[in-house]
Amino acid sequence: MNIKKVFKISVFLTITAFIFTAQAESFRVRKTHILAVSDVEYKGTENQEELKTTVSAGINDAVCILLPEDLTYIQGIEVTIKIPAALSKYPNSIIYSLYDNISPVPQDKTIDYTGKELYTALYPAKISQTLLIPIVQGNTIKQTPYADKTFIPDISRKFVFLRNQLAVKGMSREAMDSKYLVSARPVYLSKGKFTLTTIPTRPANLIVTIDDKVTELDKNNSCFLKPGTHNVTITADGYRNENWSIMVETAKESVLNLELQSVAPTLQINMPQGTKVSVDNQNVEIKGSILELAPGDHILKFTLGGFEVVKQVTIQEGRSYSLDVVLDAEFTEN
């Protein structure tokens, strides 16, 4: 970048951020710093304490901000850059840029890169600068007088790349040797996740109604909800309706585990141990003393030893019944 070009950019950037669609360029940095977003878990990292959550970057350095593997509840990152006193005397003299399509993947010892500038602005005459970098469409991150909101970078490789560049000449040696303290934290969605698990899994015509509105669940039987209490109704063919109240917290998952109860009529049978049972001349096994029967008329036969009891019953849908079976011998004197 020649001096004339830098001067034009710096004059323009004193008014607003410079946003353009440049082609990929090759550039060199003095050093690459690897920064981890604080307060999140990095899966697959053996010692998370080794990840730096604050780095000290110079004027011609780059910062690669690692993103966590799980971005479920994260809509962006907030980058805080503390500007040293020596550099605060030179407002609008240092450019910070957000890049896309960086190659190779940043490493701490890599200094030569190619990439495309996505967003560029100048450090202001302040003691710190805050960058709001959204990472999802439909985010609720707002531009403020105290924070600079950028475009959405490509995060498919789970990192964000920032670069510092000198925009003017004539700075003191103290200023040139000064360091910015850079840290990053997640900006969470103002939502939580609701997940439904059922036994049996995904019954026919499962309908989930949340706060009187039919809600589509994703392939994991989940959806995002605003924090607070929600009324959930679950209906499915052949099962009783379920009504629950759930509490959803910000950036957390609330799981509702349900064993759906069949609407098939049930008959609880109390009978002596070892009794054999048949329904409509078909032998059946009874588990836990509960027998499910289709609606209609049925003939039940109970056999134990040489004794037999036959009972005809009429079953209606959605009803529950009980039956006490007594197999006994009557002894009389002639």
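**Reading the cavities**

Author: Happy to! In the largest cavity, the lining is made up of six nonpolar, two polar and three charged residues. Keep in mind that this is a predicted model.

Reader: What shows where empty space is left?

Author: Rolling a probe the size of a water molecule over the atoms does that. Here, three cavities of 30 Å³ or more are counted.

Reader: How much space lies in the largest cavity?

Author: About 80 Å³. Its lining includes Tyr99, Asp100, Asn101 and Ile102, along with Pro153, Asp154, Ser156 and Arg157, and also Phe159, Val160 and Phe161.

Reader: Which strands each supply at least two residues of that lining?

Author: Look at strand S6 (94-103) and strand S10 (159-166). S6 has the largest share, with four residues.

Reader: Nice. And how much space lies in the second largest cavity?

Author: About 60 Å³. Among the residues lining the second largest cavity are Asp61, Ala62, Val63, Ile81, Tyr96 and Tyr123. Leu131, Leu162, Arg163, Asn164 and Val182 line the second largest cavity too.

Reader: Which strand gives the most to the lining of the second largest cavity?

Author: That is S10, with three residues. Strand S4 (62-66) and S10 each supply at least two residues there.

Reader: How do the residues of that lining divide into nonpolar, polar and charged?

Author: For the second largest cavity, the lining divides into eight nonpolar residues, one polar and two charged.

Key
Residues numbered from 1 in each chain as written. Predicted model: local features only at pLDDT ≥ 70, side-chain atom pairs only at ≥ 80, totals over all residues. Heavy atoms only, no water. 1 Å grid on protein atoms, 1.4 Å probe; cavity = no way out; pocket = protein on both sides within 12 Å on 5 of 7 lines; lining within 4 Å. Points joined across faces, edges and corners; volume = space filled by probe spheres on them. Nonpolar A, V, L, I, M, F, W, Y, C, P; charged D, E, K, R; others polar.
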